[in-house]
Each structure stands twice: as C-alpha cells, then as structure tokens.
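I opened this entry to keep track of what I looked up, one topic at a time. The headings give the topics.

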Amino acid sequence: MNESGSAVGPARGALKVPLDRVVALHDEIDLPFGEVRLKLGGGVAGHNGLKSLRDGLGGTDFWRVRAGVGRPPSTDPDAVSSYVLSRFREPRDEVAALIDRAAGEAERLVERIAAGEGEEP
C-alpha cells in the first residue's frame, strides 16, 4: 500500500479513468476496529499509502473504503507505524469479518459507480 501510487497513477493515466472512479481500500486508525465507512476525497491524515496514492494520482478525490483497525494508545509516529504494521490482536474470525465487510462495501460501491450513482452516501 505504501508505494501503490507509483503503479496506480500510470495505470489510471493509461486507461483514462476519472479520479472519482478510483477506489482504494485501506486501514483506518480513526475508526474503531470492525467499522467500515466509505468516503469520497479528503486528506491523507499521515497515512503513507494514501500519500502515495495522492502523489501518483495527482489528487485526493478518489473513493476510499476505510476499514477500522482502531487507534493505538500513542500518537508517536513510530508507535502508530508499529501498530498498523503488526499482526491484529483481535480474534481471527473478527478480522475475517472485517475483511468481508470491507470487500462487500467495495463491491457495492463499484456497482454504484458503474451504474452512474457514485455520489457520496
């Protein structure tokens, strides 16, 4: 994810995909574990993958499927990085359920965008 913009940007350009038809699925520490939300555009909030996408795509007006992983007890950048890169502390079935919910939301979003209904929910 942290270097995804270097591949996504050229692919978007070659395929001439409008920015608001790009969908990124990512972890989100600002949501409680297990919560999934959609968002069109916005900032990157220190998320290295979103920074890479912003740089590669030339903007931030793409869709995000945000999968909540919860916030670590520290704001120290090294502690936050370690938290998001470590194994989940939650039980395997709860992690699988989160992934299923995020994938389902992404699929519904892609269907809406394809049908011309890509407005923010």
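I began with R71 and D30, whose side chains meet in a salt bridge at 2.2 Å, N to O. I then placed both partners. R71 sits in the loop between β3 and α3 (77-85), and D30 in the loop between β1 and β2, so the pair ties together parts that are 41 residues apart in sequence. I note here that the model is a predicted one.

R71 has 46% relative accessibility and counts as partly exposed. D30 is also partly exposed, at 43%.

**Other salt bridges**

How many salt bridges does a search of the whole structure find? I got five. I followed up two more of them.

E35 pairs with R37, and their closest N and O atoms are 2.6 Å apart. E35 is partly exposed, with 26% relative accessibility. R37 is partly exposed as well, at 41%.

D55 and R54 meet through their side chains at 3.0 Å, N to O. Here the two partners fall into separate classes. D55 reaches 54% relative accessibility; the cut-off for exposed is over 50%, so D55 counts as exposed. R54 has a relative accessible area of 31% and is partly exposed.

**The sheet**

Next I traced the strands. Three of them make an open sheet in the order β1-β3-β2, with mixed pairing. β1 and β2 are the edge strands, each pairing on one side only. From one strand to the next, the twist averages 25°.

I checked the pairing of β2 with β3. The two strands run in the antiparallel sense and share five bridges. V36 stands opposite A67 in β3.

What packs on this sheet? I found α4 there, touching β1, β2 and β3. The direction of α4 makes about 165° with that of β3.

I also looked at E28, which is placed in strand β1. What does E28 touch, leaving out residues up to four places away in sequence? The list is R66, A67, G68, V69 and G70. E28 has 10% relative accessibility; buried means under 20%, so E28 counts as buried.

**Helix α4**

I went back to α4 for its length. The helix covers residues 92-114, which is 23 residues. From first C-alpha to last it reaches 33 Å, close to the 33 Å expected at 1.5 Å a residue.

Which residues of α4 are buried? My list reads V95, L98, A102, G104, A106, L109 and I113. Their cover includes β1 (23-28), β2 (36-40) and β3 (63-68). After α4 comes G116, with a positive phi near 80°.

Last, I looked at backbone angles. Most residues other than glycine have a negative phi. I noted two residues with a positive value.

K16 is one of them: its phi is near 55°, and it is not a glycine. Where does K16 lie? I found K16 in the loop between α1 (5-15) and β1. K16 has 70% relative accessibility and counts as exposed.

A45 has a positive phi of about 45°, although it is not a glycine.

**Recap**

The R71 and D30 pair ties together parts that are 41 residues apart in sequence. Helix α4 packs on the sheet and touches β1, β2 and β3.

Terms used: Residues are numbered from 1 along each chain as its sequence is written. Side-chain values use heavy atoms; hydrogens and water are left out. Helices (H or I, at least four residues) and strands (E, at least two) are DSSP runs, numbered from the N terminus. The expected span of a helix is 1.5 Å times one less than its number of residues. Buried means under 20% relative accessible area, exposed over 50%, partly exposed in between (1.4 Å probe, protein chains only). Contact means heavy atoms within 4.5 Å. Two strands pair if DSSP finds at least two bridges between them. Axes are lines fitted to C-alpha atoms, for helices over the stretch in contact, and angles run from 0 to 180 degrees between N-to-C directions. A salt bridge is a side-chain nitrogen of Lys or Arg within 4 Å of a carboxyl oxygen of Asp or Glu.
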